[in-house]
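Open the model in your viewer and keep the selection panel at hand.

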Amino acid sequence: MNSTDRRVRRTQKSLEDALITLALEKDFDEITIQEITDRADVGYRTFFRHYADKDELLNNVLSVVKLEMRELMSPPPLQFFTDPNLQVGDLPNTRILFKHVQENSNLYRVLLFSDRGLVQPLKDFAVQEFKANYGSFLETDIPFEIITNHMISSIITLLRWWLNNDMCYPPEEMGEITFRLIIQPIRNLILDGIKEIR
């Protein structure tokens, strides 16, 4: 990355951070571009060299977060659902998810409590991924759309509760709780469904 690219990325990062900070203080619709540039210590005209408007800035933030969350919430290997003797341990690694949210807590305080595009795409992604990875291998009497919607909604609700309560438990403990409370029961449900089919 050359010096111009680094300078551009620094400016974009300053604008993104300013938007996130302001969104913790007021509703997104009330935030002005002038407030964003003042908070970022960036010239007003400079903003428009990077973004057409504040919605494009938010979408840029969202696109990065969606990629990160998709990686963290990708489905585990098929064996996780089909082998009842598997020592599941820490798989999927929900601890990493909570650690990531902790490290970016201001960002997630904005995005997980907003109707502006993070939650529903995550649900849609989970449904698509589960179908693509397991659809031809697993059958249950409950459609995957319902299973994945329940799983993602439950994890997001738990993340919101955790953020609302100042992350009062460490990420490692929250990962274990999520696994026991949400992931493991779904795994057992699928395993029971496979036994019934066999």
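Which helices each supply at least two residues of the lining of the largest pocket? Select α1, α4 (54–72) and α7 (105–111): each of them does. The largest share of that lining, 6 residues, comes from α1.

Before going on, some ground rules. This is a predicted model, in which local features need pLDDT of at least 70, side-chain atom pairs count only at pLDDT 80 or more, and totals for chains, interfaces and linings use all residues. Residues are numbered from 1 along each chain as its sequence is written, and side-chain values use heavy atoms, with hydrogens and water left out.

**Stay with the pocket.** Its volume is about 280 Å³. Of the 15 residues that line the largest pocket, show Lys13, Asp17, Ile20, Asn104 and Leu107, the closest to its centre. A pocket here is an open set of points on a 1 Å grid over the protein atoms alone, where a 1.4 Å probe fits, with protein on both sides within 12 Å along at least five of seven lines; lining residues have an atom within 4 Å of a point. The volume is the space filled by probe spheres set on the points, which are joined across faces, edges and corners.

**Zoom out and colour by element.** The protein chain has 10 helices and 0 strands. Helices (H or I, at least four residues) and strands (E, at least two) are DSSP runs, numbered from the N terminus.

**Switch to pLDDT colouring.** This is the predictor's confidence in each residue, from 0 to 100. The chain mean is 84, and 89% of residues reach 70 or more.

**Now the core.** Of the 198 residues in the chain, 41% count as buried (under 20% relative accessible area; exposed is over 50%, partly exposed in between; 1.4 Å probe, protein chains only). The largest nonpolar core has 52 residues. Such a core joins buried Ala, Val, Leu, Ile, Met, Phe, Trp, Tyr and Cys through side-chain atoms within 4.5 Å. Select Leu15, Ile36, Tyr108, Met151, Ile155 and Leu159, which have the most contacts inside this core.

**Last stop: Lys26.** Look in the loop between α1 (3–25) and α2. Is Lys26 buried or partly exposed? Lys26 counts as partly exposed because its relative accessibility is 26%. Not counting residues up to four places away in sequence, Lys26 touches Ile31 and Glu35 (contact: heavy atoms within 4.5 Å).
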